[in-house]
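Dear colleague,

Please find below the structure that I am handing over to you. My findings follow it.

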Amino acid sequence: MIETLEKPFTEQESLGSLNMYVREWFGKNFAELTPPQRFAFKLISESSNVLITAPTGSGKTLSGFLSVISKLFDYALAGKLENKVYCIYISPLRALNNDVYKNLQRPLDGVYEIIKRELGVEVIKRNIRSVSVGIRTGDTTQKERHAQLVKPPNILVTTPESLAIMLNSQKFVENLGSVEYVLVDEIHELANNKRGVHLSLSLERLADIIGRDFVRIGMGATLYPVDEAARFLVGYGHGEPRDCKIVDASWSKRLGVRVVSPVSDMINSDDKKVEDAMYKELDRVIKSGRTTLVFTNTRSGTERVVFNLKRRFKYGEAIAAHHGSLSRESRLEVEDLLKKGSLKCAVSSTSLELGIDIGAIDNVVLLGSPKSVTRSVQRIGRSGHSFRAVAKGEMIVLNRDDLIECAVMLDAALRHRLDSFRVPQNALDVLAQHMVGMSFTKKWRVDEAYELVRHAYPYHDLDRSDFIALLDYLAGNYVGLESRRVYGKIWYDKDSQMFGKRGMYTKVIYMLNLGTIPDEVAVDVINSKTGKWIGSIEEEFLTRLREGDVFTLGGRLYRFERSSSMRCYVADASSSAPTIPPWFSEQLPLSYELANDIGAFRRELSGLVQRHIKDGRIDSIPKRLRVPSAIRTSIKSLPVEDKATNAIFGYFMEQLLFAGVVPNDRLLLVEQTSVGDNPEDRYVVFHSLFGRRVNDALSRLFAIELRERLEHDIGIMVSDNGFVLTIAKGERLSASTLGEIIRDLASGDVADMLRLNIRNTELIKRRFRHVAARSFMILRNYKGWKISVGKQQLNSQLLFKAAEAIDPNFPVIKETYREIFEEVMDLPRAIEVIAKLGSGEIAHRLIDTPVPSPFAHGLVTFGHADVMQMRERRMYLQHLHKLVMKRIGG
Amino acid sequence: MLDGDVELLDGLPIAFIKSLNSLVIADPHLGYEGVMAKRGVFLPKINLKNITDMLGMAAKSTGAKAVIVDGDIKNEFSDVDIEEFNELYDFIGFLRGIGVAPTLIKGNHDNFVERYREPFNLRIYGQEALFGSYLFFHGEELPREVGGAQMLVMGHEHPAIGVANEVGRMERLRCFLHGSYEGRELLVMPAINYFAPGTEVNTATRREALSPVLRRADIDGMRAIAIGFGSTIDFGTVGELRKAWRYKR
């Protein structure tokens with residue numbers, strides 16, 4: 001049973017569960033127990049599976065480790081501690097491994113000192129040893145590995161990938177026979193992706209190898225649903241989740257947060273004024289504390305902010321940038337400076353969000369929306385020295401959509417309403433890898449292996465037919481008998497229902513290609529007419545481009561034409577509007593839950609504002625836009641300051657006066673419009689607030705349907721608050737057509753429609769490569785040679801073509817579509833939304849506007865959006881705003 | 001598509017020469033998947049079956065009793081890989097079964113293939129061969145003796161054209177090229193291999209052509225006869241295609 005504990009144990013109960021010397025050490029070093037420790041010490045000493053969620057600085061690591069250390073010292077004192085591994089600690093971050101390794105030395109040395117002092121010469125007589133720690137990652141040298149084989153450490157610190165390798169090292173496995181505890185740290189970084197899925201299978205294989213289960217301890221930052229994370233940690237036994245106790249100390253640190261708008265009029269203030277005000281506000285926060293952490297969401301934003309802060313306020317070396325494109329050395333240096341407390345401010349894209357210890361932070365500033373409640377809590381949770389401190393965070397927003405989004409987000413955070421994550425289910429590529437791994441250890445009966453796999457939560461309802469299809473694939477049954485020697489990675493005998501290892505070389509392939517993180521590179525952007533190199537883009541960005549998309553690179557506009565394996569061909573598009581912002585693949589999508597909350601807020605507030613409007617005129621509100629008190633109270637219930645209240649009210653009022661309706665969670669507003677100065681383009685704006693991953697799927701589906709009816713091509717722009725379809729001049733979408741489309745979608749097989757739609761896209765080409773590499777269908781490393789990404793891509797395109805010709809449901813293809821539908825997009829929820837639209841639970845309404853309504857401005861200018869470089873977008877927005885104001889007589 | 005004696009079979013990368021009662025194909029690269037698999041790319045096997053299906057259809061519809069393979073029947077340069085041997089064996093077995101006699105013009109990938117002359121009863125020509133008024137050669141080198149020929153038939157180049165559809169995405173279609181070389185008709189065969197994507201002759205420059213013949217011939221004056229979606233269509237000259245998409249020469 002999975003159970004969340006509400007009541008902590010007393011201090012006596014908690015400390016009483018520890019070895020006396022460990023207790024003494026704790027007493028000498030800490031004044032009191034932190035919230036997670038009040039639960040965890042006792043539970044772990046009772047050998048319960050425990051999942052601990054808590055913010056950084058709450059003694060989380062020690063809460064997981066101390067009872068384990070205590071038990072191991074019990075063994076040592078009883079002379080029973082052998083050269084065996086008793087505890088495995090797994091973290092996804094190598095840097096964190098080094099931290100933990102160092103941080104464990106302190107309690108271990110401390111306790112041993114106390115024992116030596118208390119027992120004196122007895123220590124030698126009784127041969128009482130200290131508990132040893134070892135670290136094993138990709139960086140561990142051959143020599144160290146060998147030493148660990150001969151004399152295994154009692155606590156082994158490692159990564160998911162290194163664990164998987166160890167499981168297949170016959171000799172090392174013998175050292176794991178006495179494992180009693182497995183700690184999984186940073187569980188929020190694992191539970192929602194394939195790395196975690198991979199780990200969950202490794203844990204089940206470990207339990208199978210040693211013939212019994214072990215105590216599983218999970219640690220992580222805030223996440224929701226915690227139950228899902230617990231199931232991921234402990235897995236399934238006898239068809240049910242195994243027992244787990246959840247210690248949710250996520251909210252032990254209080255939050256002190258607010259949304260700040262640097263200017264009160266977010267539309268008409270000029271650029272320089274907004275920018276000046278923003279940096280002034282930043283400077284104020286930085287000066288008010290010792291250390292400030294700033295998040296910008298994108299790498300380019302990080303660089304720009306650092307540059308500006310240095311230039312404007314002469315911070316010099318007291319300020320530094322930290323993001324994924326910087327070298328490992330410079331990142332480590334920044335982390336080190338932070339730990340020492342010698343930085344005034346660190347600016348990060350997202351990279352300092354979690355994980356490694358960065359010392360005490362006073363303030364956190366978020367520039368632009370982090371797009372998810374969980375993320376905002378995790379980021380803000382970085383501040384505050386101890387669990388008793390208040391985590392202080394400020395969000396600075398620069399436009400009205402962001403303002404509402406951030407206000408609703410922080411409100412949700414204060415109410416402890418997080419957005420949810422899902423553990424990927426039935427990922428066939430990761431499973432394929434493990435089945436090859438399993439084949440090395442013994443001959444398997446198919447049923448027995450299938451049962452083992454289903455102990456892992458991500459596979460607890462795996463279809464047997466999928467398992468068999470994978471066996472067929474891995475055995476090379478897709479080629480003739482005589483070639484299976486080369487193609488087969490396992491042998492599989494259908495008559496006896498057994499499988500096992502095949503060939504000498506498979507193991508080398510396995511060891512060299514294991515893992516779930518795909519190789520990625522930058523793709524060259526080439527002008528297709530002149531053949532000239534323009535720059536490069538991330539591969540992930542390329543997968544987001546659709547034919548005809550316009551994007552900026554180096555300050556100029558280009559239209560995407562086509563791509564080869566490592567090149568992207570474009571044409572000049574100076575006269576067009578960009579359809580996709582350059583950070584699109586970098587920034588996280590708005591979550592489904594948050595989008596829904598925003599929709600609900602829109603519905604409630606627009607109801608209030610509506611009462612003050614009669615016959616398209618503002619009623620009972622003085623000209624100077626004083627906010628009526630009921631509305632003020634409603635807005636002020638969100639954590640926003642005064643300037644922001646006015647901005648929100650103005651925004652809603654303009655929309656109601658202009659369009660008569662505010663889109664919300666129960667109303668899909670579809671707005672047909674064109675942009676004043678470019679009447680050639682007709683926009684159909686779908687104000688669909690269901691999160692970007694749902695919008696990604698929805699936009700394609702609506703575009704397919706509309707294309708069939710209009711018989712020509714349609715442009716698509718997807719963003720967080722909706723999507724826009726561009727149709728040709730003279731075309732019109734009628735209300736009856738819209739209704740027909742919704743009916744068709746609600747009754748049709750939309751998964752099939754989408755499958756056809758993405759079949760020829762970059763998205764599927766690239767994702768197929770990742771899946772094929774994870775499934776060992778193409779190798780990233782062959783006989784010690786690294787195979788270039790370009791070559792991998794080329795090969796995987798041939799592969800896709802051939803596999804599809806054999807069987808469109810080939811496991812590797814099936815998994816590619818699953819990954820796209822469930823991880824890149826959110827098709828299950830898109831289908832839910834369509835069903836609700838079909839049944840009328842979510843209403844829809846089509847309106848025609850002469851120019852885009854205020855709530856559509858963000859959508860039609862989305863391609864321009866770059867958080868820190870707003871000039872063009874601002875000017876465009878101001879222009880649109882003026883057009884609207886002219887019509888409502890403002 | 002062509003006049004008289006040479007027929008391009010609809011939708012297939014196969015030519016039929018009536019006077020020889022023979023089919024012509026080029027560049028099958030048998031054993032390709034097996035060889036790739038040994039390099040760590042586990043391509044499903046599909047090429048051989050695809051070729052035999054097409055040849056079966058072609059033989060049935062034309063009544064041809066022979067097939068000329070215009071080079072590169074296999075893929076590896078250094079040796080005959082066991083994967084290649086197996087597919088070669090199956091390929092010849094298949095032809096024998098439908099009563100079609102194979103003749104091989106050696107290509108640059110066909111080293112060591114002579115050792116199968118005896119067991120497979122395979123006719124093999126080293127450089128080029130004149131049958132009737134047709135000179136067959138692979139195309140990696142210039143033909144030596146064009147004297148008695150009216151038409152030169154070559155492979156090697158794997159020609160294709162790139163055409164953009166209305167939204168700007170390029171479709172690559174494999175094609176025959178028909179033109180002239182040193183006063184004689186020239187026919188360049190498309191690759192019959194399933195995986196060969198082909199060289200886009202209208203987007204590449206002349207210098208990028210694989211074959212020295214095409215580097216010398218007036219490639220822009222040649223007609224591209226493309227195969228795709230079940231039919232064979234004359235797309236006009238390479239020069240026109242090049243202009244239509246404004247690629248430099």
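This is a predicted model: local features need pLDDT of at least 70, side-chain atom pairs count only at pLDDT 80 or more; totals for chains, interfaces and linings use all residues.

Chain B contains 6 helices and 15 strands. Its radius of gyration is 17 Å, close to the 18 Å that the globule rule gives for 249 residues, so chain B is as compact as a globular protein of that length. Along the principal axes, the C-alpha atoms of chain B fill a box of roughly 50 × 45 × 35 Å. Of the 249 residues in chain B, 49% are buried. When contacts in chain B between residues at least 6 apart in sequence are considered, 66% of them join residues at least 24 apart.

As to the contact between the chains, 25 residues come from chain A and 20 residues from chain B. On the side of chain A, helix H20 (484-487), strand E23 (556-563) and helix H30 (789-806) are the elements that give two or more residues. H30(A) gives the most, with 7 residues. By class, this side of chain A has 15 nonpolar, 4 polar and 6 charged residues.

Within chain A, helix H8 (residues 160-167) packs with helix H10 (residues 194-210) at an angle of about 35°, and their axes are 10 Å apart. The crossing of H8(A) and H10(A) is left-handed. From H8(A), Pro160(A), Leu163(A), Ala164(A) and Leu167(A) take part, and they meet residues of H10(A) including Leu199(A), Leu206(A) and Ile209(A). The contact of these two helices comprises 7 nonpolar, 2 polar and 2 charged residues.

With kind regards

Note on methods:
Residues are numbered from 1 along each chain as its sequence is written. Chains are lettered from A and ligands numbered from 1 in the order in which they are written. Axes are lines fitted to C-alpha atoms, for helices over the stretch in contact, and angles run from 0 to 180 degrees between N-to-C directions. Helices (H or I, at least four residues) and strands (E, at least two) are DSSP runs, numbered from the N terminus. A crossing is left-handed if the near helix is turned anticlockwise from the far one by less than a right angle, and right-handed if clockwise. Two residues are in contact if their C-beta atoms, placed from the backbone, lie within 7 Å. Ala, Val, Leu, Ile, Met, Phe, Trp, Tyr, Cys and Pro count as nonpolar, Asp, Glu, Lys and Arg as charged, and the others, Gly among them, as polar. The radius of gyration is taken over C-alpha atoms; the globule rule is 2.2 Å times the number of residues to the power 0.38. A residue is buried if 20 or more other C-beta atoms lie within 10 Å of its own, exposed if 12 or fewer, and partly exposed in between; C-beta atoms are placed from the backbone.
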